[in-house]
Amino acid sequence: MLAVPGEPMFYARWDRAVFIHYAADPAILQRDVPFELDLREGSAFVSIVAFTLSRMFKPIATHEFLNVRTYVRHRGEPGIYFLAEWLSNPLSVHLGPRTFGLPYKFGRLIYEHACVRGEIRGYVEAREGRLSYQGGVAANHFAPSEPGSLTEFMLERYTAFTQQRKRVRFFRVWHSPWEQAPAEIEVTTDTLLTSTGLWWETAECIGANYSPGAEVWMGRPHRID
C-alpha cells in the first residue's frame, strides 16, 4: 500500500471484533454478488462481522459497525464484497456510499464484547430488521489463524470490491494478521439478515471467532474499468 501515492487514506483501529461464519449455496448467493465468488472446496461463505471502529478523524471518531460480507475473486485477486453494512454514525452513513460505493445503512448497535469475562452479546436494530447474538470465548489466548485453514481464508482479506450502480471500485486495507480465538456464538434474532439476500434461507452456521482488534490502514477507492 505504501508504494501507491496518497496511500493509506485513513488510519483506524477495529476493536473487539466478532466474526460469525456461514456456509451458503453458491448458486443462490452468486445472484446477489456482481463479482465471481471465491469458493473453497465448492462452498461459498458469508460472515457477519461486528466491531467497534475507533481512532478515526472527528466527527466520525468512534462508533459500532456491522457488516455482512462474502468472499470473491476479481482478476485473480481474492477479496471481499459487502452484502450490507450498518453503523451508528449518520455522517459515515452518508459518506460511505458516495466515497467508496459501500452499502451503508443506519442502525442502533449495542455491543458487549467483554471477552475478559468470557461473555459476548450484541444487538442491532435497523429499519431492515433486528440481529441479536450471545456467547463466549473459551480460549484464554489469541493467535493468528493457522496457515491454509478456513479461518485464514475468511479472516485474512485485504481488498474490498464494491459496485454502486455502474461504478465498480476497489480499495485495500492492511493490518497485521488477526490475533483470534474460536468462539461459541448463538444468533437469537435474525430478521436483519433476511434483508441481505436469499442466501440466508439455506445458510448453515459453521463457527465463529473473536479478536481483541487490530490497527488498520485503509486505502482510497480506485476505479475498475
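## Ground rules

Residues are numbered from 1 along each chain as its sequence is written, and side-chain values use heavy atoms, with hydrogens and water left out. Since the model is predicted, local features need pLDDT of at least 70 and side-chain atom pairs count only at pLDDT 80 or more, while totals for chains, interfaces and linings use all residues.

Let's start with β1, residues 10–24. Strands here are DSSP runs (E, at least two residues), and helices are runs of H or I, at least four residues, with numbering from the N terminus. In β1, 13 of the 15 residues are buried, so this strand is largely enclosed by the rest of the structure. Buried means under 20% relative accessible area, exposed means over 50%, and partly exposed sits in between (1.4 Å probe, protein chains only).

β1 pairs with two strands, where pairing takes at least two DSSP bridges between them. With β12 (residues 204–218) the sense is antiparallel, over 13 bridges, and here phenylalanine 19 stands opposite asparagine 209. With β3 (residues 44–54) the sense is also antiparallel, over 10 bridges, and alanine 23 faces phenylalanine 45 there.

Most residues other than glycine have a negative phi, and most peptide bonds are trans. A few spots in this chain go the other way. In the segment before β1 sits proline 8, joined to glutamate 7 by a cis peptide bond with omega about -10 degrees.

Arginine 16, in strand β1, has a positive phi of about 50 degrees; this residue is partly exposed, at 37% relative accessible area. Arginine 165 has a positive phi too, about 55 degrees. You'll find arginine 165 in the loop between β9 (159–164) and β10 (167–174), and it counts as exposed at 73% relative accessibility.

Strand β5 (residues 77–87) is mostly covered, with 9 of its 11 residues buried. β4 (residues 63–74) pairs with β5 in the antiparallel sense over 10 bridges, and asparagine 67 has glutamate 85 as its bridge partner. The two strands form a hairpin with 2 residues between them, and arginine 75 in the turn has a positive phi of about 50 degrees.

On to β6 (residues 104–114): β5 pairs with this strand in the parallel sense, over 3 bridges. Leucine 87 stands opposite phenylalanine 106 there.

## Glutamine 180, a buried polar residue

Glutamine 180 is in the loop between β10 and β11 (181–189), and at 10% relative accessibility it counts as buried. Its side chain makes a polar contact with the side chain of asparagine 209, at 2.8 Å. A polar contact is a pair of N or O atoms within 3.5 Å; within protein, one must be able to donate a hydrogen and the other to accept it, and residues adjacent in sequence count only if both atoms are side-chain atoms. Leaving aside neighbours within four places in sequence, glutamine 180 is in contact (heavy atoms within 4.5 Å) with residues including His141, Phe142, Thr151 and Tyr210.

## The nonpolar cores

A nonpolar core is a set of buried Ala, Val, Leu, Ile, Met, Phe, Trp, Tyr and Cys residues joined through side-chain atoms within 4.5 Å. The largest one has 40 residues, and Ile20, Leu29 and Tyr133 are among those with the most contacts inside it. Apart from it lies another core, of 29 residues, among them Trp14, Ala17, Tyr71 and Trp178.
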